[in-house]
Amino acid sequence: MPQTDAEISAFDRATAVTRTEGGGVRADLDPGWDVGNGVLNGGYLLGVVARAALLDSPHPHPVALSASYLRATPGGPADLTVTAGPAGRTLAHSTVLLSGAAGPSLAVQVTTATLGTDRADYTVNPVPRLPGPDECVATRTSEGGPAVGLARQLDTRLDPATAGWTAGRPSDVRLLRAWIRLADGRDPDPLALLLFADALPPTAFAVGKPGWAPTVQLQVLVRGLPAPGWCVVESRSTEVAGGWSDEECRIWDSTGRLVAQARQLARVAR
């Protein structure tokens, strides 16, 4: 039975792409997925790009994306230029350029493949222990004002061990850890994992230094199909120098499998 509009999740509606008469790809970027000042979240934009890349891919899932953020992207109409690369029985490659009213704003190299639910043959990434979601700190509102759009779209519960900054007790470690899911209950899939990989606040918040830290480059590896339910996401910085910060992110599904990894380079918030 086909889905009705009411049954389609907010994330699926917001990341939808369509063909244009000229054979291009068009999206209507939803301003409700912003991180403040009308700037859209980078993980949300990756979800849009991945949908465009999958239109002509022989494979169903995004597995590796390397994104360069050229400028901040607001909501509104956007064109996506998809350039197909080599494709085979296992992998397919393409590049996607997203352009809005101000011109190109995001360039992404996308690799697609078919993912499964196999357990790891080898891992050094055990799922971290944290209290259950109901015992963690909800982050549906921002400090001093209403929630930004992204916070309304997600249900995020911070591990109390990394949430001292929410109560005026910052840490000396740039580490955040949380349960996460889409607010409307939609189960995670590879596209949602792209969103989760850039969904936590900048790790500078953990040490009491809030502010916008614009992403310059973001790489996401999707390692498997996530099981239904909550995901655990952990983000940490390993080096802050010269006005630049790195962030490493890992995501586990409800069974404790590592299902995504990400690494980004961002400017330090002023």
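Let me start with Asp 12, which in this predicted model forms a salt bridge with Arg 186, the closest N and O atoms being 3.0 Å apart. That pair links distant parts of the chain, since Asp 12 sits in helix H1, residues 10-14, while Arg 186 belongs to the loop between strand S9 (175-182) and helix H4 (190-196), the two being 174 residues apart. Arg 186 has a relative accessible area of 14%, which is under the 20% limit, so it counts as buried.

The next pair is Asp 155 with Arg 181, whose side chains meet in a salt bridge at 3.2 Å, N to O. Asp 155 lies in strand S8, residues 154-158, and Arg 181 in strand S9, so this contact ties together parts that are 26 residues apart in sequence. The two partners can be set side by side: Asp 155 is buried, at 7% relative accessibility, whereas Arg 181 is partly exposed, with a relative accessible area of 33%.

Glu 234 counts as buried at 4% relative accessibility, and Arg 250 as partly exposed at 22%.

The largest pocket has a volume of about 1,200 Å³, and of the 50 residues that line it, the closest to its centre are Val 35, Leu 200, Pro 201, Pro 202 and Phe 205. Among the elements that give two or more residues to this lining are helix H2 (42-54) and helix H3 (149-153), together with S8, S11 and S13, while the largest share, 4 residues, comes from S14. By class, the lining of the largest pocket has 31 nonpolar, 14 polar and 5 charged residues.

The second largest pocket has a volume of about 390 Å³. It is lined by 14 residues, of which Arg 119, Ala 120, Tyr 122, Thr 123 and Leu 258 are the closest to its centre. The lining of this second largest pocket divides into 5 nonpolar, 4 polar and 5 charged residues.

Key: Residues numbered from 1 in each chain as written. Predicted model: local features only at pLDDT ≥ 70, side-chain atom pairs only at ≥ 80, totals over all residues. Heavy atoms only, no water. Salt bridge = Lys/Arg side-chain N within 4 Å of Asp/Glu carboxyl O. Buried < 20%, exposed > 50% of the residue type's maximum accessible area, 1.4 Å probe, protein only. 1 Å grid on protein atoms, 1.4 Å probe; cavity = no way out; pocket = protein on both sides within 12 Å on 5 of 7 lines; lining within 4 Å. Points joined across faces, edges and corners; volume = space filled by probe spheres on them. Nonpolar A, V, L, I, M, F, W, Y, C, P; charged D, E, K, R; others polar.
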